[in-house]
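Welcome! Have the structure open beside you, and let us walk through it together.

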Amino acid sequence: MLVASAEPDVVLTLLGSLGDLLVFDRVEDGERLRCAFNLGDAPVAFAVGDGVLLAQGYDDGMLAPWGAVIATA
C-alpha cells in the first residue's frame, strides 16, 4: 500500500501491521529505509539485519514496548 508523503519525491510503502507492530519503507532517490515501530506495551520479535541506523528499545531481534528501529533495507 502506498502512503502519501508531504515531499513529492519520497515514497512511503506500508509493508504491514500485525498487532501493535507497524512497518513501512521510505524511499527517496533510490535509497530505502525500513522503519518499524512497536506501538504496544509488550515486546515483539522483529529482525532487521545489519543495517541499523537508529534504534530505541531494539536488542537481539526484539523490539521493546514503544520501541522503534530504522535500518537500511
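## Charged partners

A salt bridge here is a side-chain nitrogen of Lys or Arg within 4 Å of a carboxyl oxygen of Asp or Glu. By this rule the count comes to three salt bridges. Asp 25 also meets Arg 34 in a salt bridge, at 2.6 Å from N to O. Another one links the side chains of Arg 26 and Glu 28, at 3.2 Å from N to O. Salt bridges that share partners join Asp 25, Arg 32 and Arg 34 into one network.

Asp 25 is buried, with a relative accessible area of 3%. Arg 32 is partly exposed at 40%, and Arg 34 is partly exposed at 30%.

Residues are numbered from 1 along each chain as its sequence is written, and side-chain values use heavy atoms, with hydrogens and water left out.

The score pLDDT is the predictor's confidence in each residue, from 0 to 100. The protein has a mean pLDDT of 85, and 89% of its residues reach 70 or more. Confidence is lowest in strand 1 (residues 2–3), at a mean of 54, and highest in strand 7, at 95. Strands (E, at least two residues) and helices (H or I, at least four) are DSSP runs, numbered from the N terminus. Where pLDDT is low, the predicted coordinates should not be read in detail.

## The nonpolar core

Which residues make up the largest nonpolar core? There are nine: Leu 21, Val 23, Ala 36, Val 44, Phe 46, Val 48, Leu 63, Val 69 and Ala 71. Strand 3 (21–28) and strand 7 (62–72) are the elements that give two or more residues to this core, and strand 7 provides the largest share, three residues. A nonpolar core is a set of buried Ala, Val, Leu, Ile, Met, Phe, Trp, Tyr and Cys residues joined through side-chain atoms within 4.5 Å.

Now look at Val 48. Not counting residues up to four places away in sequence, Val 48 touches Tyr 58, Val 69 and Ala 71; contact means heavy atoms within 4.5 Å.

## A stacked pair of rings

Rings of Phe, Tyr and Trp (its six-membered ring) pair if their centres lie within 6.5 Å; planes under 30 degrees apart count as stacked, over 60 as edge-to-face and the rest as tilted. By this rule the count comes to one aromatic pair. The ring centres of Phe 24 and Phe 37 are 6.0 Å apart and their planes lie at 20 degrees, so this pair is stacked. Phe 24 lies in strand 3 and Phe 37 in strand 4 (residues 31–38), so the pair ties together parts that are 13 residues apart in sequence.

Methods:
Predicted model: local features only at pLDDT ≥ 70, side-chain atom pairs only at ≥ 80, totals over all residues. Buried < 20%, exposed > 50% of the residue type's maximum accessible area, 1.4 Å probe, protein only.
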